[in-house]
Every structure is written in structure tokens, then in C-alpha cells.
Amino acid sequence: MCLDDQILNTYLDDELVEPWKTQVIEHLKYCSACSTRYEQLKAVHTMVSTSRLKDEQVDASKDKIYAYLENRYLKKEKKIKFLHRDFRVKTSAVIGVAAAFVLMFVGALTLNSPTLNEENVIIPQVVDSQGQGAMQVRATENLAASQVLSNLSLEEILSYLDQKGYEVDLKLKSVTVLGDDTGK
Amino acid sequence: MEIKSSENASFQKVYEQVFPVLMRVAYHVTYNMDVSEDIVQEAFIRFYEKNIDFKSLDEAKYWLIRVTKNLAINVVKRKSREKAMVDKIKKIPKTPVQNGEDVLLDSETKEMVRVAVEKLPEKLKSVLILKEYADLNYKQIGLVLKISESNVKVRIHRARKLMSSMIDRGEIHVSR
Ligand SMILES: [Zn+2]
């Protein structure tokens, strides 16, 4: 009986156990149909596997990100909070109203709220409902954060943090047209 | 060896050993270096902040791979919804730095593989990426994805079958 592709794949990944492994090896010796299919599967595997991100690229990112983490986390005694904001703003006539995903890294953000859990990652959404620059915040994962943040605009948070001497790193991740996720 | 994710020594050790795998997982889900860097960075931030005790380095590794994979899949989902707008403003993708003569042939194959991988359904994609790019065995893939080993086996088979049919039919069009 001939071998199916799943067995051949399992053999290819060296996951086939005895006695089946030996049986497959023996079968492949005399059955050219199965050998051909095995070679095809192997070719696909090799093609996919060798298309991997190269070591040089991995290493460049590795050092860069480590430097960042070391600086922000490992070197400091104090825990650092970070805040993800998904906010919507009126941008230009070309782009129109857009949702922007913004990563905001903030040193020890608490906004004077004892209810904010140190361990929580806050992912609030700021919605500019009128497209006038007056932004509202709503947290998607954290009620306490939502309550604190809901009264503040992005500018207010930024100026608050600035006042307190925190370092804030804002990063625009993506921008998209509004529309489909208003019910979220 | 026990791993405490908020301890610098543990963190450094895990970072050193696991970073390449995470970067490849993120990259082959998103195919965007900038996005992948953000994802992996965030995975390590969560790792550090959650202050978890892991029984072994492997357990920490599986946790990180799982977080990275999920973050990456979510980015892709969001991106496909937002594609039109993102395309307008996103930075030009960084092309791989390569040396010399194998660039052309190499990049054609890679492009073909990328397009095919991107077309795989999510469940098959995850399994294939963990197999081909994270170098995990079936058992390890099962632990990361919380599925049985035999399920992994079936998905690997289906993923490769789809991959080879996409590559054979040449329905792949180069878009970058
Ligand atoms: Zn046969």
C-alpha cells in the first residue's frame, strides 16, 4: 500500500516513530511514485524554510530593541507604564477623518489614580466624534483606566505628563478611514 | 532552570535565546520589519511587566511565542481592514540587506513564498510558521498553540498541500 502525504510530511519532519519510519524508508526505496511525491513535499518545505528572515536582519533588530528595553526597563528601579492609544483625529483633506493607532510610552503613568493597577496594560481608544479635535477616551481593556482617561484629551494627558517631567514617546502606527468599528 | 520574567538576569537570558524566533514569527505573519519590531518589543515588555515565574526557559519561550503570534495575527487582521489607508501612509518597506548575486533569484522565491503564506487560513498559517520559521517540533507547536500533536500533524499537512498548490498553479502575482 502506498504512503499518503501526511505520513510523508511526518517522515519529512522527522516526527515519524518506529516501526513506521523503517517501513517508510523501505517503501521509498522501491516506489518511485511515493519517492516523487516525497521529493515534491521536501522541495516545498525547503523553499518555504529557506525564505526565512535572515540572521543579519534578526540581529540588527535584536540589538536595537534590546537597547530600548534596557534603557526603559532593565536599568530602572521604578516600573514603567506604557499606554496604547487608538485615537481618531481629523487630519487633512486628503486623508479625511482617520483612526490612528498610536503607541505612547510613558514613564510611570498613574494620572493620580490609585485604582490604576500597576500590572495593567492600558489600551484606551480616543474618539474624535465631531472631527473637531475634541477627543474622548475609552479604554478597551481596563475600566479604571477608562474612568480616569475618559475626562482627558490626548493633549491634556501629554501636558500633564510633561508637567510631571515624564518622558513620552508617541509613535504613529497606522491610520485608517473611519466607519466600520463604531460599535466596538 | 527557573525563569522570573522581571528579573534582569532571567530576562537577558530569555531575550538572548528567544528573540530570533519571535522576530521570525512576527515577520512571517506580518511581512513588515517595522511592525515586527514593535510586536516583539511589546511581547518582551509584557513578559517583563507581568512578572511571571516560569518553570523552565522553554515555558517562557512558548509563552512569548504565543503572545507574539497573537499580536502579529491581530495586526494582520486589523491591517486587512485598514489596508487602503495604511498603504497610503506607511513607510516604504525595508528591503532585506543582502550581498551580491543571489539577490534576484532569492527574492523571487521569497516573494512567491510570502504571497502563498499570506493566503493561508490563520490556523494553518500559525502551524506552518512555527514549523518552518520557529523550528519547533510537533509537540512544541502543540504546546504553544494549545492543540494536540495529531492536530498539529494534520494542519502541517494541509498547510503544505495548500502551499504547494498555490506555488504550482502560479496564481501568485508579484505585488511588491
Ligand atoms: Zn508508494
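1. Chain B reads β-α-α-β-α-α-α-α-α along its sequence. That chain has 7 helices and 2 strands (DSSP runs: H or I of at least four residues for helices, E of at least two for strands, numbered from the N terminus). This is a predicted model, where local features need pLDDT of at least 70 and side-chain atom pairs count only at pLDDT 80 or more. Residues are numbered from 1 along each chain as its sequence is written, and chains are lettered from A.

2. Of the 176 residues in chain B, 52% are buried (under 20% relative accessible area, 1.4 Å probe, protein chains only). Among chain B contacts between residues at least 6 apart in sequence, 68% join residues at least 24 apart (contact: heavy atoms within 4.5 Å).

3. In chain A, look at the zinc ion. Its donors are Cys2(A) (SG), His27(A) (NE2), Cys31(A) (SG) and Cys34(A) (SG), at 2.0 to 2.3 Å. Donors are N, O and S atoms within 2.8 Å of the metal (3.2 Å for Na, K and Ca). The sequence spacing is C-x24-H-x3-C-x2-C. The site is tetrahedral because the angles among its 4 donor atoms run from 99 to 117° (all angles must lie between 85 and 135 degrees).

4. Two of these cysteines are buried: Cys31(A) at 11% relative accessibility and Cys34(A) at 0%.

5. Helix 2 (residues 20–30) and helix 3 (residues 32–50) of chain A pack at about 110°, axes 6 Å apart. They are therefore roughly perpendicular (65 to 115 degrees). His27(A) of helix 2 and Cys34(A) of helix 3 are among the contact residues.

Note on methods: Side-chain values use heavy atoms; hydrogens and water are left out. Four donors count as tetrahedral if all angles lie between 85 and 135 degrees; four count as square planar and six as octahedral if opposite donors are over 155 degrees apart and all others between 65 and 115; anything else is irregular. Buried means under 20% relative accessible area, exposed over 50%, partly exposed in between (1.4 Å probe, protein chains only). Axes are lines fitted to C-alpha atoms, for helices over the stretch in contact, and angles run from 0 to 180 degrees between N-to-C directions. Angles under 35 degrees count as roughly parallel, over 145 as roughly antiparallel, 65 to 115 as roughly perpendicular and the rest as oblique.
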